[in-house]
Amino acid sequence: MAPPADPAENGTHHARRFGLPTATALVMGNIIGGGIFLLPSSVAPFGTLSLLAFVVLTVGAITLALVFGRLAQRNPRTGGPYVYAREAFGDFAGFLSAWSYWVMTWVSNAALAVAAVGYIDVVFPGHFSKWTHLAVALAALWLPALANLAGTRWVGAVQIVSTVLKFLPLLFVAVIGLFFFDPHNLGPFDPSGGNLLGGISASAALLLYSYVGVESAAMSAGEVRDPERNVGRASVLGTIGAALVYLLGTVSVFGTVSHRDLVKSSAPFSDAVNNMFGGQWGGTLIAVCAVISIIGALNGWTLMSAQAPYAAAQDGLFPAAFTKKQRGVPTFGVLVGVVLASLLTVVNYTTGATGVFNILVLITTFSATVPYLLAAAAQLYWLVSGRREQVRPGRFARDVVMALGAFGFSMWLVAGAGYAAVYQGTLFLFAGVLVYVLMKGRRAGR
């Protein structure tokens, strides 16, 4: 039986402010960050075979989204993957899911803020000091945090506006680019000349984390209206919307920029716009879109950084302060997340410790997969633990296939992270065991 929902999530004026459009925008906004603006040149060395990898990954991401929808029907609490893992496998699995997800969010936010500085330099060219860059990066972190602290109404408004502002220009380039499409620009299907599966896996390793964020609606299920229905819908619609931008955008860039130039390009969308319309204004336009995209992603991920510890704190697995909630938002979690991301950003700029920063970012690529694996495993557990009589045979078989697909997709994410990320991420994950011991000990001593 699912644990009772948090009273704070039911019956309050500010609870469940997100409707289906806002929840969909949250998913799409969190999936589409600044990385889309480099994706075409990143996968260009693998040829048009990378488009096939995109399709395979999209199917895997949609499968994972469907599994989250099924799990939210069973337990529509805030916390998503944490809630599902704890309900199925107990406190320790739930804690590992929450800890891993929490670390991933605030470290990723620091990386997004640093990425925003690079694009802002294109919009406002000049020779700025590192202190100016630091101030811009901190502003990129704190402005979305202030929107979160203002409540779910503001979070939703910012997310919808930022998603529209970044989705429409990208979709415009993607669609208009088809009219300038030149097949001679495509280059070879598989430049390596190797086997098909090997080429797909190699290109997919660069694309795997394009879909991190598919869980966003499930993470905020407690703030979504009618979560039993809308979490699954928002997850699937948001993933499909992001996939359209990814696929159409990449195809258009492939067809408007020559393969030789695309492999060396540091701004593929800008090059595509310049080739389509002439001049050099495309770089500035795309940089503005990138800044909007990153700010929108930061707005959503700031909320995500508070949701996992909030749910875990309700169960006594994180400090109780993380349960503090105002206007539908876990305010303490938001503040802790933005402070930690700010400290990491300050360290990056003041010490020049880019090696340490890059290692931490690499760790997050592994950390993102832990909650996915546990959530998919939880769905499999509920399906095979003697509850078949509650599900129609056809639906049971379909749900098992989806859960196995989601688990396989998550395993593929782990493999794509690389040996270094898995090794370092595992050490970082198990460092959280000390926190679990302290929290569990305090509960036992009461």
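Q: Is Ser216 buried or exposed in this predicted model?
A: In this predicted model, Ser216 is found in helix α9, which covers residues 216–219. Leaving aside residues up to four places away in sequence, Ser216 touches Leu26, Val27, Asn30 and Met304. Its relative accessible area is 0%, and because anything under 20% counts as buried, Ser216 is buried.

Q: How is Asp226 classed by its relative accessibility?
A: Asp226 lies in the loop between α9 and α10, the latter being residues 227–256. The phi angle of Asp226 is near 50°, a positive value in a residue other than glycine. With a relative accessibility of 35%, a value that falls between the 20% and 50% cut-offs, Asp226 counts as partly exposed.

Q: How many helices and how many strands does the protein chain have?
A: The protein chain has 446 residues, and buried residues make up 55% of them. Among its contacts between residues at least 6 apart in sequence, 84% join residues at least 24 apart. As for the elements themselves, the protein chain has zero strands and 19 helices.

Q: Which helix has the lowest confidence in the protein chain?
A: Across the protein chain the mean pLDDT is 81, and 89% of the residues reach 70 or more. Among the helices, the highest confidence belongs to α4 (residues 81–89), at a mean of 91. The lowest mean, 68, belongs to the helix formed by residues 354–367, which is α15.

Q: How are α5 and α13 oriented to each other?
A: The axes of helix α5 (residues 91–123) and helix α13 (residues 282–314) come within 8 Å and cross at roughly 160°. By class, their contact has 24 nonpolar, six polar and no charged residues, and α5 passes α13 in a left-handed crossing. Because angles over 145 degrees count in this way, α5 and α13 are roughly antiparallel.

Q: How far apart in space are Ile294 and Gly29, C-alpha to C-alpha?
A: Ile294 lies in helix α13, where it is buried, with a relative accessible area of 0%. Along the sequence, Ile294 and Gly29 are 265 residues apart. In space, C-alpha to C-alpha, the separation of Ile294 and Gly29 is 8.8 Å.

Q: How is α6 oriented relative to α14?
A: Helix α6 (residues 130–149) and helix α14 (residues 331–351) have axes that come within 10 Å and cross at roughly 170°. Since that angle is over 145 degrees, α6 is, relative to α14, roughly antiparallel.

Q: How many charged residues does the contact of α6 with α14 have?
A: On the side of α6, the residues that meet α14 include Lys130, Trp131, His133 and Leu134. On the side of α14, Thr331, Val334, Leu335 and Val338 are among those that meet α6. By class, the contact has 15 nonpolar residues and six polar ones, while the number of charged residues is one.

Q: Which residues of α19 make the contact with α18?
A: The axes of helix α18 (residues 419–431) and helix α19 (residues 433–444) come within 4 Å and cross at roughly 15°, and α18 and α19 are therefore roughly parallel to each other. By class, the contact has six nonpolar, no polar and no charged residues. From α18 it is made by Leu429, Phe430 and Ala431, and from α19 by Val433, Leu434 and Val435.

Q: What distance separates the C-alpha atoms of Met439 and Pro319?
A: Met439 is in helix α19 and, at 10% relative accessibility, counts as buried. Beyond residues up to four places away in sequence, Met439 touches Gly316, Leu317, Phe318 and Pro319. Although Met439 and Pro319 are 120 residues apart along the chain, their C-alpha atoms are separated by 7.4 Å.

Q: Is Leu170 buried or exposed?
A: Leu170 is found in helix α7, residues 152–179, and touches Ile36, Phe37, Val245 and Phe269, not counting residues up to four places away in sequence. The C-alpha atoms of Leu170 and Phe269, 99 residues apart along the chain, are separated by 8.8 Å. With a relative accessible area of 2%, Leu170 is buried.

Conventions: Residues are numbered from 1 along each chain as its sequence is written. This is a predicted model: local features need pLDDT of at least 70, side-chain atom pairs count only at pLDDT 80 or more; totals for chains, interfaces and linings use all residues. Side-chain values use heavy atoms; hydrogens and water are left out. pLDDT is the predictor's confidence in each residue, from 0 to 100. Helices (H or I, at least four residues) and strands (E, at least two) are DSSP runs, numbered from the N terminus. Axes are lines fitted to C-alpha atoms, for helices over the stretch in contact, and angles run from 0 to 180 degrees between N-to-C directions. Angles under 35 degrees count as roughly parallel, over 145 as roughly antiparallel, 65 to 115 as roughly perpendicular and the rest as oblique. A crossing is left-handed if the near helix is turned anticlockwise from the far one by less than a right angle, and right-handed if clockwise. Ala, Val, Leu, Ile, Met, Phe, Trp, Tyr, Cys and Pro count as nonpolar, Asp, Glu, Lys and Arg as charged, and the others, Gly among them, as polar. Contact means heavy atoms within 4.5 Å. Buried means under 20% relative accessible area, exposed over 50%, partly exposed in between (1.4 Å probe, protein chains only).
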